[in-house]
Amino acid sequence: MRRIILIGYMGSGKTTVGKALSKETGMMFYDLDWYIESRMHKSVSQIFAERGEEAFRKIEYNMLHEVAEFEDVIISCGGGTPCFFDNIDYLNQQGDVVYLKAEPETLYKHLLMGKVERPLLKNKTPEELIAYITQHLKERAPFYEKARYTLDVTVLDDYDKIQVSVATLRTLLKLS
Ligand code: S3P
């Protein structure tokens with residue numbers, strides 16, 4: 001039984017890589033944010049707006065404990081998931097955790113291209129956004145760095161490069 005868990009900052013490509021890896025391996029893919037949204041019948045943004053971040057983290061914790069029990073799956077976590085409660089230790093117990101690592105400039109670029117609304121990044125000017133990402137990533141890095149594996153995704157900006165990252169990941173995890 002394999003369980004592959006992708007973590008990393010917002011915009012690091014967890015969902016993109018997870019989906020691509022799922023397509024190649026045939027393992028089921030779960031995105032924790034999507035799972036939360038379907039179970040709660042609300043978007044992550046709505047949960048943040050109506051109930052606040054603390055309530056969201058509790059919901060995220062509970063949903064994580066459901067998804068991370070599924071077998072033979074690839075799971076992409078939210079950017080904050082490993083940084084609350086004992087989540088990172090739990091994740092390391094549950095499967096092969098991979099940190100998708102990128103520099104703030106790359107994350108910033110990906111986030112500008114993405115369409116997903118992220119409550120923590122709302123209403124920021126480009127300057128504020130890059131400063132926020134730089135500082136926030138520094139605070140979160142000690143959690144991310146507890147992952148068993150690290151994959152550098154700085155170059156993840158087109159289809160071919162995603163395929164290269166997926167191939168690297170398959171080698172790293174010795175997946176056939
Ligand atoms: C968050 C990241 C988001 C989502 C929520 C909070 C964070 O997921 O869980 O907006 O704290 O970094 P993505 O990393 O998939 O954007």
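**Figure 1. Helices α2 and α3 lie roughly perpendicular to each other in this predicted model.** The two helices span residues 32–40 (α2) and residues 44–67 (α3). Their packing angle is about 110 degrees, and their axes are 10 Å apart. Angles of 65 to 115 degrees count as roughly perpendicular, so the pair α2 and α3 is described that way. On the α2 side, the contact is made by Leu32, Asp33, Tyr35, Ile36, Glu37, Arg39 and Met40. These meet a set of α3 residues that includes Val44, Ile47, Arg51 and Phe56. Also on the α3 side are Ile59, Glu60, Met63, Leu64, Glu66 and Val67. By class, the residues of this contact comprise 11 nonpolar and six charged, with no polar ones.

**Figure 2. Helices α3 and α4 run roughly parallel to each other.** Their axes cross at roughly 5 degrees and come within 11 Å. Angles under 35 degrees count as roughly parallel, and α3 and α4 are therefore placed in that class. Helix α3 contributes Tyr61, Leu64 and His65 to the contact. Helix α4 contributes Asn87, Tyr90 and Leu91. Four of the contact residues are nonpolar and two are polar; none is charged. Leu64 of α3 takes part here and also in the contact with α2.

**Figure 3. The ligand is surrounded by 13 residues.** The closest are Lys14, Asp33, Arg57, Arg118 and Arg140. In the side chain of Asp33, an N or O atom is 2.7 Å from an oxygen atom of the ligand. Asp33 also belongs to the α2 side of the contact between α2 and α3. The protein buries 95% of the 390 Å² that the ligand exposes when taken alone.

**Figure 4. Phe85 has a positive phi in the loop between β3 and α4.** Its phi is near 50 degrees. The loop joins β3 (73–76) to α4 (87–94). Most residues other than glycine have a negative phi. Phe85, a residue other than glycine, has a positive one.

**Figure 5. Lys174 has a positive phi in the segment after α7.** Helix α7 covers 159–172. Phi of Lys174 is near 55 degrees. Like Phe85, Lys174 is a residue other than glycine with a positive value.

Terms used. Residues numbered from 1 in each chain as written. Predicted model: local features only at pLDDT ≥ 70, side-chain atom pairs only at ≥ 80, totals over all residues. Heavy atoms only, no water. Axes fitted to C-alpha atoms, helices over the stretch in contact; angles between N-to-C directions. Helix = DSSP H or I, 4+ residues; strand = E, 2+ residues; numbered from the N terminus. Parallel < 35°, antiparallel > 145°, perpendicular 65-115°, else oblique. Contact = heavy atoms within 4.5 Å. Nonpolar A, V, L, I, M, F, W, Y, C, P; charged D, E, K, R; others polar. Near = heavy atom within 4 Å. Polar contact = N/O pair within 3.5 Å; in protein donor to acceptor, adjacent residues only side chain to side chain. Areas by Shrake-Rupley, 256 points an atom, 1.4 Å probe, with all protein chains shown as cover.
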